[in-house]
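Let's take a walk through this protein together. Keep the model open beside you as you read.

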Amino acid sequence: MQQLGGEECLVPRPRGSLPKACAIGLASVVMVAILVLEPEGFFRHVSTAILILTVGPLLHGVFLLSEECLHHATTRYRGRRLGQMVTACVGVCTLLGVGLAVLLFVLTKPQLWRDQWSMVILACVLYPLLKTLGVLGPSEVEVSEICETRKMNVAHGLAWSFHLGYLNLVLPRLEGSITAFRASHNAGPFETRGSRKLLILLPLNANITHTLEDEDTNIHFHDNLPDTEIDRAGVRGRVYKHSVYTVLDKDKQAHHCVVEYATPLLTLYKMSQESSAGFGERDRREQVLLFYRTLQDILDRSVECRNRYRLILLNDEHEDDPHYLSNAILKNLDQQEKEEFYVPPFIPQPEVDHPFHALPIIDDWHRAEPMSRVPTIMISHDMPRTLREPVENSEDLSP
């Protein structure tokens, strides 16, 4: 493993609207072509196509509605709420499409031939059959997009649980724990600002070891931070604990930091080992990347956790390096020291009643004067002077 130089090269971005744009472009070109080549049958073709594409999903929704009404009305809908079941089975967009098709038929009154009506009926009847058999089912990309858009992935739930159930509780108290730890130890760990953050490791293969020393011989357990006790879910004084590790660089210089793995990745790894979970290695890697992206977005918006953590995504393609983990941690600490800087808090200065007495005198002619917010009028005691050249003889003014 190694720390990724740029996580954006592996972390998937949210899917865009390119398929929608392609569909709109292709439909526009075809409709314009039909309008130019066959203008008298344009509305007939459009209304027929919309009718086929909307009545089929409507019939499929009716079949789904019958299943929900007969077997799931009480357990899934808390009673027979027909409106909620209709919306869940049919969908508003499908109803609007059928209404549009009917409106076009009423306005244009197209004369369909008998074979065209047969084609319309056959297509509407075959659609529910092919949909039920999975021929017209959503692809993996469509399912993935729906899950990501609606926040239905396993990674979304794990990321929110990790944040609300753990990080949001311990990160605001981390600085106090480190301060108490330094006060109780004579040595001087946590000398750098970067080491005062919680370093969270996220390996892509989700294979987490319970002791970091087994992964890298340059990492040694130092001590535990003082326990954080929080009343949580009926448990009085539930204990939350962090471990301090000593990381040795190539010069055997010690660096202290608080490091731990993201424990929800253990769940993903265990799920991939259970056949009943239906969770393969490819799904596990995708969920780890989504977990990283979701957790990063959550923590970026959290005021309580800001500047108190560091997510380190580890690649699993270079496991031959025995010191991959220590190098990743040291590289992260060094990166923080070079890229981040400390902004001291603004302390307002008290106003001075007589600012001119506190100003230093530069010389006899110049004084440093403060900027004034009140407009003043500068009055000169010298006589006014003309801008013209002085006239020596009044006769020069005569023509």
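We start with the whole chain and then look at its parts.

What you have here is a predicted model, where local features need pLDDT of at least 70, side-chain atom pairs count only at pLDDT 80 or more, and totals for chains, interfaces and linings use all residues. Residues are numbered from 1 along each chain as its sequence is written, and side-chain values use heavy atoms, with hydrogens and water left out.

The protein has 11 helices and eight strands; these are DSSP runs numbered from the N terminus, with helices being H or I of at least four residues and strands E of at least two. Of its 399 residues, 34% count as buried, meaning under 20% relative accessible area with a 1.4 Å probe and protein chains only, while exposed is over 50% and partly exposed is in between. The accessible surface comes to about 27,700 Å², and carbon and sulfur atoms hold 58% of that; the areas come from the Shrake-Rupley method with a 1.4 Å probe, and for residues only the protein chains shown count as cover. Take the contacts with a separation of 6 or more: 70% of them join residues 24 or more positions apart. Contact here means heavy atoms within 4.5 Å.

Now for the annotated stretches. An unreviewed UniProt entry puts "transmembrane region" at residues 21-37, 43-65 and 85-105; its positions follow the numbering used here, feature names are shortened, and annotations may be inferred rather than shown by experiment. In the model, residues 21-37 are 100% helix, with end C-alpha atoms 24 Å apart. Residues 85-105 are 90% helix and 0% strand, and their end C-alpha atoms lie 29 Å apart.

Further along, look at L129 in helix α5 (residues 114-133). At 45% relative accessibility, L129 is partly exposed. It belongs to a nonpolar surface patch of about 630 Å², together with L122, L126, L130, L133, V135 and L136.

H156 sits in helix α7 and is buried, at 4% relative accessibility. Neighbours within four places in sequence aside, H156 touches C147, E148, K151 and T294.

Finally, which residues of helix α8 (residues 174-184) are buried? They are L174, S177, I178 and F181. Seen down the axis of α8, these buried residues fall within an arc of 95 degrees, so they line one face of the helix; the arc is taken from the directions from the helix axis to the C-beta atoms. The buried residues of α8 pack against α7 (154-170), β2 (198-203), β3 (219-224), β4 (228-232) and β6 (243-248).

Conventions. Patches are made of residues with over 30% relative accessible area and no salt bridge: like charges are joined within 9 Å, nonpolar side chains (Val, Leu, Ile, Met, Phe, Trp, Tyr) within 5 Å. A salt bridge is a side-chain nitrogen of Lys or Arg within 4 Å of a carboxyl oxygen of Asp or Glu.
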